[in-house]
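The following exercises ask the student to read a protein structure step by step. Each task is followed by a worked solution.

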Amino acid sequence: MNTRRKYLATGALVAALSCIGLSPLTAQAQMVMKAADVHPAGYSTVVAVENMGKKAEAATNGRITFKSFPGGVLGDEKAMIEQTQVGAIQILRTSLGTVGPVVPEVNVFNLPFMFRDEAHLNAVIDGEIGQEMLDKISASPARMVALAWTVGGSRSLYTKKPVRNPDDLKGQKIRMMGNPLFVDTMNAMGGNGISMGYGEVFTALQTGVIDGAENNEPSLYTSNHFGAGAKYYTQTRHLMIPEIIVMSKVTWDKLSAEDQAMFKKLGREAQMEQRQLWNESVAESTQKLKDAGVEFIEIDTQPFYAATAPVRAKYGEKYADLIKRIEAVK
Ligand code: GTR
């Protein structure tokens with residue numbers, strides 16, 4: 001095209017855009033991103049992601065907006081990961097537990113008793129190792145770009161009968177997240193691990209398909225699993241699993257470099273905001289669980305730690321160097 005014809009063509013485009021009410025500057029495609037989570041509206045992760053969407057909307061003058069799909073309405077985490085991979089979901093907040101089967105490296109963070117405490121875990125994900133892991137997920141063939149971490153505290157057992165040691169778990173069917181590593185973990189802890197989606201746990205408890213499950217306080221409270229009979233909450237703290245906010249690679253590839261940089265920045269902000277909301281929600285849900293009659297059982301976790309040594313050996317061997325670096329984080 002010569003210059004004059006190019007000029008005329010541009011003029012025609014501007015005219016056409018003004019006719020349909022768009023200025024040439026906002027002519028980049030409008031994007032409504034579906035943001036999904038298994039947790040209900042109001043949960044710390046859902047709120048942090050919704051706020052991320054509001055900031056993106058403000059920064060792009062409404063060109064990019066989020067539509068929130070909380071409460072697992074788009075499926076369980078495994079199904080949502082699959083939808084994210086093909087671009088049917090654009091933003092997903094998911095546990096790293098369910099990411100393990102698609103990005104095996106993340107299983108280092110999914111090992112039982114991997115972190116000394118939550119402060120240790122937070123220091124790891126906020127620092128260099130955390131960034132490396134996000135980058136590994138993004139560079140893997142999983143077609144998800146990892147933007148930020150969220151936290152889920154520590155997971156402890158809840159059952160219909162009180163549990164104080166590995167022997168008490170004999171014969172008890174305990175729901176675990178969909179990852180063979182967790183089934184092995186529960187079997188090593190003395191019970192029978194059964195993998196199942198989060199949304200099925202309530203009915204499974206009610207009908208006796210399972211005898212218990214394991215999770216953090218806000219999840220136990222909002223899922224009402226204690227209302228299905230699992231009223232004994234044994235403080236095993238056997239798993240401390242970080243969680244992530246990812247964008248579908250299909251969506252990421254459509255964004256300009258500026259938009260991508262914006263999402264990285266907003267991701268980091270969401271990470272810090274969720275941390276604050278999380279701490280508040282742990283305190284609040286602990287109180288509400290106690291008020292509802294859930295019995296918190298403090299135990300010596302050492303026998304469970306010892307019992308899960310073979311799981312750490314089996315799944316951690318390949319990542320021995322990384323584990324040493326994680327252990328060295330203060
Ligand atoms: C929650 C976690 C969810 C989901 C759920 C589960 O703690 O935040 O992402 O993994 O546990 O047990 O399935």
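**Exercise 1. Describe how helix α5 and helix α13 are placed and which residues join them.**

Step 1. The axes of helix α5 (residues 128-139) and helix α13 (residues 320-328) come within 10 Å of each other and cross at roughly 145°. Axes are lines fitted to C-alpha atoms, for helices over the stretch in contact, and angles run from 0 to 180 degrees between N-to-C directions. Helices (H or I, at least four residues) and strands (E, at least two) are DSSP runs, numbered from the N terminus.

Step 2. On α5 the contact (heavy atoms within 4.5 Å) is made by E128, I129, E132, M133 and K136, and on α13 by L322, R325 and I326.

Step 3. Sorted by class, this contact has four nonpolar, no polar and four charged residues. Here Ala, Val, Leu, Ile, Met, Phe, Trp, Tyr, Cys and Pro count as nonpolar, Asp, Glu, Lys and Arg as charged, and the others, Gly among them, as polar.

Step 4. R325 and E132 form a salt bridge, with their closest N and O atoms 3.0 Å apart. The term denotes a side-chain nitrogen of Lys or Arg within 4 Å of a carboxyl oxygen of Asp or Glu.

The model is predicted: local features need pLDDT of at least 70, side-chain atom pairs count only at pLDDT 80 or more, and totals for chains, interfaces and linings use all residues. Residues are numbered from 1 along each chain as its sequence is written, and side-chain values use heavy atoms, with hydrogens and water left out.

**Exercise 2. State how domain 1 and domain 2 are defined and what lies between them.**

Step 1. The domain assignment gives domain 1 as 30-151 + 242-283 and domain 2 as 155-240 + 293-328; such bounds come from an automatic or database domain assignment.

Step 2. The C-alpha centres of the two domains lie 24 Å apart. Domain 1 brings 36 residues to the contact and domain 2 brings 33 residues.

Step 3. Between them the domains bury about 2,800 Å², 70% of it on carbon and sulfur atoms. Buried area is the accessible area (1.4 Å probe) that two parts lose on being put together, summed over both.

Step 4. L111, P112 and F113 supply 27% of the area that domain 1 buries against domain 2, more than any other three residues. Two salt bridges are counted between domain 1 and domain 2.

**Exercise 3. Examine salt bridges elsewhere in the structure, beginning with the total.**

Step 1. The whole structure contains 16 salt bridges. One network of them links D37, E77, R93 and E243.

Step 2. K288 and E284 meet in a salt bridge with an N to O distance of 3.1 Å. These two residues are four apart in helix α10 (residues 257-291), so about one helical turn separates them.

Step 3. R237 pairs with E298 in a salt bridge whose closest N and O atoms are 3.4 Å apart. This pair links distant parts of the chain: R237 is in strand β9 (residues 232-239) and E298 in the loop between β11 (295-297) and α11 (302-307), 61 residues apart.

Step 4. R237 is partly exposed at 33% relative accessibility, whereas E298 is exposed at 56%. Buried means under 20% relative accessible area, exposed over 50%, and partly exposed in between (1.4 Å probe, protein chains only).

**Exercise 4. Which backbone feature does N61 show although it is not a glycine?**

Step 1. N61 has a positive phi of about 50°.

Step 2. N61 lies in the loop between α2 (44-59) and β2 (64-69) and is exposed, at 70% relative accessibility.
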